[in-house]
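Good morning, and thank you for coming. Please keep the picture in view while I talk.

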Amino acid sequence: DRTSREFLHWLSEICTSVFKSAPTFKNELLNRQQLSAAAAAGRRNLLECLLEKHQTARLGIEGFPPEYSMYESLLHEGGFHIERQGQWQVIPPRGEWAAVWKAVEEFLEGTERERKPVSQLFSMLQDAPFGIKEGPLPILLCCGLLAKKGSVALYENGVFVPDLRIEVFERILRATGIFEIQEH
């Protein structure tokens with residue numbers, strides 16, 4: 001009925017104004033607060049491919065498993081993983097994700113003097129004006145660490161993490177609060 005449509009329109013306008021920098025992200029598996037077991041497995045596989053094969057087309061994903069739809073909707077369409085001069089790279093995105101990336105870079109700039117918890121970065125991205133759900137956050141962190149490799153350090157329980165491996169990201173997924181980052 002007309003009243004319910006008007007209410008939904010009004011609510012939509014409020015959400016649009018509050019989350020004005022929220023990028024469009026169409027992936028029902030990943031764009032969630034709580035992931036299903038299958039989606040969590042797909043995200044883990046995507047992280048592993050991103051860490052190990054970021055210099056490869058499609059991150060080396062063959063066929064069309066769940067992680068490929070996540071890759072396509074977030075990393076490829078979002079402009080995080082592109083081919084330049086015959087080389088595949090993780091880069092700062094343009095378009096709708098540029099504001100998110102700028103906020104991540106500003107957060108990292110604020111870590112030059114002291115480390116900040118990864119959980120603080122995640123909270124910032126979940127709040128207005130972005131409203132990013134929990135599902136894609138570890139992937140965004142991984143992209144940031146890869147794109148800024150050599151200038152950003154990750155710490156676990158105060159100890160420098162020299163190599164980004166899937167085991168590290170599995171621990172990040174379980175206990176975000178024990179990880180910190182710092183730009184140097």
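Helix H4 supplies three residues to the lining of the second largest cavity, the largest share of that lining. Please bear in mind throughout that this is a predicted model. The second largest cavity holds about 30 Å³ of space. Its lining is made up of Phe80, Trp97, Val100, Trp101, Val104, Leu125 and Leu140. Sorted by class, these are seven nonpolar residues, with no polar and no charged residues.

How is such a space found? Rolling a probe the size of a water molecule over the atoms shows where empty space is left. In this structure there are two cavities of 30 Å³ or more.

Let us turn to the largest cavity, with a volume of about 50 Å³. Which residues line the largest cavity? They are Val104, Leu108, Leu121, Leu140, Leu141, Gly144, Leu145, Val152 and Ile181. Eight residues of the lining of the largest cavity are nonpolar, one is polar and none is charged.

Two helices, H4 (98-109) and H6 (137-147), each give at least two residues to the lining of the largest cavity. The largest share, four residues, comes from H6. As a reminder about helices, an α-helix has 3.6 residues a turn, so residues three or four places apart point the same way.

Is H6 mostly covered or mostly uncovered? It is mostly covered, since ten of its eleven residues are buried. The buried set consists of Leu137, Pro138, Ile139, Leu140, Leu141, Cys142, Cys143, Gly144, Leu145 and Leu146.

A disulfide is a covalent bond between the sulfur atoms of two cysteines. How many disulfides are counted here? The count is zero. For Cys49, the nearest cysteine sulfur belongs to Cys142 and lies 11 Å away, and Cys49 is in no disulfide. Cys49 is buried, with a relative accessible area of 14%. Cys142 is likewise in no disulfide; the nearest cysteine sulfur to it, that of Cys143, is 6.1 Å away. A disulfide would require the two sulfur atoms to be within 2.5 Å. Cys142 counts as buried, at 0% relative accessibility.

Thank you for your attention.

Conventions
Residues numbered from 1 in each chain as written. Predicted model: local features only at pLDDT ≥ 70, side-chain atom pairs only at ≥ 80, totals over all residues. Heavy atoms only, no water. 1 Å grid on protein atoms, 1.4 Å probe; cavity = no way out; pocket = protein on both sides within 12 Å on 5 of 7 lines; lining within 4 Å. Points joined across faces, edges and corners; volume = space filled by probe spheres on them. Nonpolar A, V, L, I, M, F, W, Y, C, P; charged D, E, K, R; others polar. Buried < 20%, exposed > 50% of the residue type's maximum accessible area, 1.4 Å probe, protein only.
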